Amino acid sequence: MDWKDYIVAAPEIVLLGLICLVLIVDLFTDDEHRVRTFWVSILALIGMLLVLEGTGSATRAVIFSGSYVSDPLSQVLKISAVIFVGIAFLYSRDYLRSNEIHKGEFYLIGLIGLLGMMIMMSANSMLTMYLGLETLALSLYALVAIDRNSVTSAEAAMKYFVLGAIASGCLLYGISWVYGVTGSLQFHEIAAAIRMDPTLNSLPLWFGLAFLIVGIGFKFGAVPFHMWLPDVYQGARTPVTLYIASAPKLAALALFLRILGDGLGGLHETWAGMILVIAVLSLLVGNFVAIAQSNIKRMLGYSTIAHVGFILLALFCGTEQGNAAALFYTLTYIVAAAGAFGMIILLSRRGYDAENLVDFKGLNARSPWFALMMMFLMFSMAGVPPFVGFFAKLNVISAVIDSGYTALAVLMVLASVVGAYYYLRVIWYMYFEEAEDKAVIQAGTDTRLVLSLNSVAVLVLGIVPGWLMALCIQILG
Amino acid sequence: MDFSQHLLSILIWLPIVGGAALIAIGDDNDAMSPRAGLMRIVALLVAVATFLFSVGLYIGFDNATSGMQFIEKQPWVGSLNVFYSLGVDGISAPLILLTTFITPLVVIAGWNTITNRPAQYFAAFLILEGLMVGVFSALDALLFYVFWEAMLIPMFLIIGVWGGKRRVYATLKFFLYTFLGSVLMLVAFIYLYGQTGSFDLFGFMAAPLTLTAQKLIFIAFLLAFAVKVPMWPVHTWLPDAHVEAPTGGSVILAAIMLKMGGYGFVRLSLPIVPDGSEYFANMMIALSLIAVVYIGFVALMQKDMKKLIAYSSIAHMGFVTLGFFILWSVSGNAGAGLGMTGGMVQMISHGLISGAMFLCVGVLYDRMHSREIADYGGVANTMPVFAAFMVLFAMANAGLPGTSGFVGEFMVIIASFKANFWYAFLAATTLILGAAYTLWMVKRVVYGEVANDNVAELTDLNAREFIVLAILAGSVLLVGLWPAPLVDMMNATIDQLIQQVGQSKL
């Protein structure tokens, strides 16, 4: 090990330092000036972008005895994660302040969660991955419970914690089996071991694999490991839901690509079948159950499950094209998801969360601009062109057809038609119904500005999707 | 800068940018306010300017060329090999002209009858116009699909926001029906992309395909286009959508959006999967004849004027698909060309006539707020000028010689005579049925004694309504009496298409 290794791992090290700084600043800040913590956190994230920009390289570097990797994939995922955590913070400040839960811990734990995500994105061994995963998971449990006076938040956090602990246990158990069979924890050594000795590709390894997939499926929120997701989305305060719904999806993607791609890619034929089942179930359950929801956070939770189905179907192909499609889908989906939860924050005010579908009634009369923005987001999620969600779906369907599964593609587009219904219902409420709640929108200028940029982004990315697609193909090619 | 190089882009983006500008100007529900006035004038200017640009398309169009003209091609999405590629030929140019011609009329027709959020209303129509021109001029399958689907968004809002009582049901049905139809077309496009390596429509046309693949692709296309046309038995969204839509929405829906289905058959189904089309041709003829005869009877029974015209649209569009798919039953290129040209002329003519009929109903509805035939009677006594227009359009709808309705129907009937006596016999029943349902409606609404006090208080057309109906009446008669310019525009392309379809891909 030499000192150059620390430069490669600088992003995580710097972030840890910045977290300590935020903690100290917050310690000497009273509730009146809590906004200082916010600004320091935002500055920390900007600093992180600079550090990532400075340390990025086009080549793959494996350091710390093979347990840490830095490559273009980790670079893009980390930059995106930093940006989305920043967006979550920008949306949250106003809401947290007006609901009197503006605590420094929100930003602090959010940053620790980011550290966990970044460790996952750069993990090259099972244990590094597990370390990052637990850092992220524990942060998320705490964030869900951040409003300690709220019974629903406490309940959601408890549920999340118990189910999450079981899933982590499964993952760790699976890791131990893979280690037992292949004799290594590092992904490239696991891959090499399987390549050298094909007899390893047998029941004991598959047994471990099944447990790994349980853990991965839980992180994604794929059916049948999705039970936590709607409850947590609904129970957590909206900024926390926004946080959970955006950047951690990138970490889950890294978890999949590193373990099942880098490590167990040789077992593609074995895991593809399992992924296919949970992906198709997610697609169907997510879309059909979302129709029945009246709480929009819960509805978006089920819609997330359906989108996860799409992402997993792209990964199921196991091809470069499929992986690139999954990355593009995840990145663009979280843009739309952040916007949709941002819209709920926008419509909320002191002591009142606009979390029911009926709260969107007549939004066009209250604010034509934000109704238009929400329409962009909903059509993007439904996959209607010219919004970016269409190109995300197109890439995935194209990857699936290229792998020879045309019938599966037909199922996917039919499921999208079912999904279109509940997105259309939001638009129907906004445009075709009279407002029940005629209150003036109180959100601050910063929320309005970020939300407008966020929503216009789904249109702009839909009109010029080429560069992002090319980027995804380049880093996974 | 040479405009003709970018004429199609102008026709697409000018109305879309205009629509965005209207949204930026914003709404003022006080119809007399300066902002509302500015907004209306901008809407009309954009629509008229688009029409004037499209006149340039007509002037610059070369009738002798069978291939694409006004071509534009730019790379769009590099990693998928998608191009922003536009062009028109004798099939799409008339439809683009129809689109740019009808839209200003719709803007004028909605001038001050729309009081709820007029800026959004006009913006939706302008954006819709640009997207429709995009559908007709796209030469890249993915670009075509983007315009095709994006078009649903403004129409969804038009029906849902400004529609009648059951508008939410109608517009959701409209959206989901058409969305369901078109997603399978997307799967077919991606399959063809996998075969050819690009989304270029000419690449698709040149690609060799097995009969099984062709059959499946034909079915995928059929679902998309049959819903749009609409063909029996997937027509049920149309009466609901028409009845609930505001007048302008009904006009655009009937005049242009239904033509998308017919256009899709000619542009995609026939040349890309000729053998698949031939395989299913008899089924298509049967479905078309069912539409003509059965839907004709259904129309006879309607009590609601808009519903009646909606069913009459389905029957008339049956002629279009009949004309296209009779191709293989007719011996000789002349007969096939007649059926195809007849179908195309019928599309243009139906665009003018059905648009005019819906505007007539709109005129009555604005005054009486009823579409029920039973609420009317003796309108001719109080609105003589209106009655004259209504009778003219009704005659045209029934296919009276001298009006545009006659030309297309006559060509298709002649072509089907060459194919099979019974096809022609069944198709010709429309001359009787069409006359029956249209004229019977006119008799009940326009003629007779003044039915009630409300009718007695009706006022005749104002200048704005008169202009719109007069322009449409003029064009219905023009196409009826002198169809040559229209037919000449299509001839070269249709001859070439028939030749192309005749060559098996197997």
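**A tour of chains A and B**

Start with chain B: for its 506 residues, a compact globule would have a radius of gyration near 23 Å, and chain B has 22 Å, which agrees. Keep in mind that this is a predicted model.

Stay on chain B and show the C-alpha trace. Along its principal axes the trace spans about 70 × 55 × 40 Å. Switch to cartoon: chain B has 21 helices and two strands. Colour by burial next. Buried residues make up 60% of the 506 in chain B. Now draw the contacts in chain B between residues at least 6 apart in sequence; 80% of them join residues at least 24 apart.

Next, select residues 72-98 of chain A. This is helix 4, with 27 residues. From first C-alpha to last, helix 4 reaches 40 Å, close to the 39 Å expected at 1.5 Å a residue. Centre on Ser92(A), where helix 4 bends by about 40 degrees. Step past the helix to Glu100(A): its phi is positive, near 55 degrees.

Last stop: the contact between the chains. How many residues does each chain give? Chain A supplies 26 and chain B supplies 29. On the chain A side, select helix 17 (368-382), helix 18 (388-402), helix 19 (406-432) and helix 21 (466-476); these elements each give two or more residues. Helix 19 of chain A gives the most, with 12 residues. Colour this side of chain A by class: 21 residues are nonpolar, four are polar and one is charged.

Terms used
Residues are numbered from 1 along each chain as its sequence is written. Chains are lettered from A and ligands numbered from 1 in the order in which they are written. This is a predicted model: local features need pLDDT of at least 70, side-chain atom pairs count only at pLDDT 80 or more; totals for chains, interfaces and linings use all residues. Helices (H or I, at least four residues) and strands (E, at least two) are DSSP runs, numbered from the N terminus. The expected span of a helix is 1.5 Å times one less than its number of residues. The bend at a residue is the angle between axes fitted to the seven residues ending there and the seven starting there. Two residues are in contact if their C-beta atoms, placed from the backbone, lie within 7 Å. Ala, Val, Leu, Ile, Met, Phe, Trp, Tyr, Cys and Pro count as nonpolar, Asp, Glu, Lys and Arg as charged, and the others, Gly among them, as polar. The radius of gyration is taken over C-alpha atoms; the globule rule is 2.2 Å times the number of residues to the power 0.38. A residue is buried if 20 or more other C-beta atoms lie within 10 Å of its own, exposed if 12 or fewer, and partly exposed in between; C-beta atoms are placed from the backbone.
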